[in-house]
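Subject: The model you asked for, with notes

Hi there,

Here is the structure, ready for you to open alongside this message.

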Amino acid sequence: MGSDQKVHVFEEVAKHNKTKDCWLIISGKVLNCLLCASLVVLFTILKRYLVYFLTLHPFGVSGVKELKRSDGDNFCVAHTGKVYDVTPFMEDHPGGDEVLLSATGKDATNDFEDVGHSDSAREMMDKYYIGDIDQSTVPLKRAYIPPQQAPYNPDKTSEFVIKILQILVPLLILGLAFAVRHYTKEK
Ligand code: HEM
C-alpha cells in the first residue's frame with residue numbers, strides 16, 4: 001500500500017493518464033455480510049406477519065400492499081471507489097500498458113471486472129492503492145460531444161449553367177435552322 005492515501009477528486013485523478021504516471025479508479029464491493037443477510041431474513045418474516053395482520057384486521061385497513069424489494073436492490077452492498085497508482089506496474093501488467101492507459105479518466109471498474117481478473121490480481125491491487133475517490137466528483141456519464149461537421153453547402157453554379165445551356169442550345173439550333181432556310185429561300 002502506498003503512504004499517500006487520501007480522498008482524491010476525479011479531475012485530479014484524470015490528469016494522471018500517461019505511461020509514466022498512470023492512475024486508475026476501480027470500485028471495490030463489500031458483498032452481503034452475514035449480519036446483513038440475517039437482518040434481511042428477519043425483516044422479511046416480520047413484514048409478512050405485519051401485512052397478514054393488517055389485511056385481516058376487523059377495522060379493515062385497505063390498500064395495504066406487500067412491499068417487494070426489487071432484485072436489483074443492492075441491499076448492504078457498499079461500493080467504494082479506490083484510486084490506484086499503477087505507474088510501476090505498467091511494463092509488467094500481463095494485459096499490457098495500453099489497456100491500463102485506456103482505463104484512465106473514468107471509473108474503470110467495468111473494464112477491470114470484464115476481464116475476469118484472478119484473486120491474485122485483486123490481491124496485487126493493494127500494492128498500488130493510494131486513496132479513495134470523492135464519488136461526488138465522478139461524472140455520471142461522459143458528455144457526448146457530437147463530431148463537428150461543416151454545413152452542407154454544395155456549389156450550385158455549375159448545375160445552373162448546365163440548365164441554362166440545356167435551354168439555350170436547342171433555341172440556337174432552331175434559330176440557325178430558320179436562318180439557313182430563310183437564306184436559301186431568297187436565293
Ligand atoms: C490495479 C489494477 C490492475 C491489476 C493489479 C491487474 C493485474 C492483472 C494480472 C495479474 C493479470 C494476469 C491475469 C490474472 O491474474 O487475472 C492481468 C491481466 C489482464 N488485465 Fe489487468 N490488472 C489491473 C487493471 C486492469 C484494467 C483496468 C484492465 C482493463 C482496462 C486490465 C486488463 C487486463 C487484461 C486485458 C488482461 C489479460 C487477460 C488475458 O490475457 O487473459 N487490467 N491483470
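First, the ground rules. This is a predicted model, in which local features need pLDDT of at least 70, side-chain atom pairs count only at pLDDT 80 or more, and totals for chains, interfaces and linings use all residues. Residues are numbered from 1 along each chain as its sequence is written.

**Confidence**

The protein chain has a mean pLDDT of 77, and 61% of its residues score at least 70; pLDDT is the predictor's confidence in each residue, from 0 to 100. Helix α3 has the highest confidence in the chain at 96, while helix α2 (residues 34-55) has the lowest, with a mean of 58. Two stretches call for care when you read the model. Residues 29-33 stay under 50 in pLDDT, and the model has nine contacts for them beyond four places in sequence. Residues 57-79 are also below 50, with 18 contacts in the model beyond near neighbours in sequence. Here two residues are in contact if their C-beta atoms, placed from the backbone, lie within 7 Å. For the complex, the predictor gives an ipTM of 0.96 and a pTM of 0.60.

**Overall layout**

The protein chain holds six helices and five strands, in the order β-α-β-β-α-β-α-α-α-β-α along the sequence. Helices (H or I, at least four residues) and strands (E, at least two) are DSSP runs, numbered from the N terminus. Among contacts with a separation of 6 or more, 86% join residues 24 or more positions apart. Of the 187 residues, 10% count as buried. A residue is buried if 20 or more other C-beta atoms lie within 10 Å of its own, exposed if 12 or fewer, and partly exposed in between, with C-beta atoms placed from the backbone.

UniProt, in an unreviewed entry, places the feature "transmembrane region" at residues 22-46 and 160-180. UniProt positions are given in the numbering used here, feature names are shortened, and annotations may be inferred rather than shown by experiment. In the model, residues 160-180 are 100% helix and 0% strand, and the end C-alpha atoms of this span lie 30 Å apart.

**Around the ligand**

Which residues come nearest to the ligand? Of the 20 around it, they are Pro-94, Gly-95, Asp-111, Ser-118 and Ala-121. The elements giving two or more residues to this shell are α3 (97-102), α4 (109-115) and α5 (119-125), and α5 gives the most, with four. A residue is near a molecule if its C-beta atom, placed from the backbone, lies within 6 Å of it. The shell divides into 14 nonpolar residues, five polar and one charged. In that count Ala, Val, Leu, Ile, Met, Phe, Trp, Tyr, Cys and Pro are nonpolar, Asp, Glu, Lys and Arg are charged, and the others, Gly among them, are polar.

Asp-111 sits in helix α4. Asp-111 is partly exposed because 16 other C-beta atoms lie within 10 Å. Its C-alpha atom is 8.9 Å from that of Val-99, twelve residues away along the chain.

Thr-109 is in helix α4 too, and counts as partly exposed because it has 18 other C-beta atoms within 10 Å. Thr-109 and Ile-25 are 84 residues apart in sequence, yet 7.1 Å apart in space, C-alpha to C-alpha.

**The nonpolar core**

The largest nonpolar core has 15 residues, of which Leu-24, Ile-25 and Tyr-84 touch the most other members. Strands β3 (21-30) and β4 (78-85) each give two or more residues to this core, and β3 has the largest share, five. Such a core is a set of buried Ala, Val, Leu, Ile, Met, Phe, Trp, Tyr and Cys residues joined through C-beta atoms within 7 Å. Beyond four places in sequence, Leu-24 has contacts that include Tyr-84, Val-86 and Leu-100.

Best wishes
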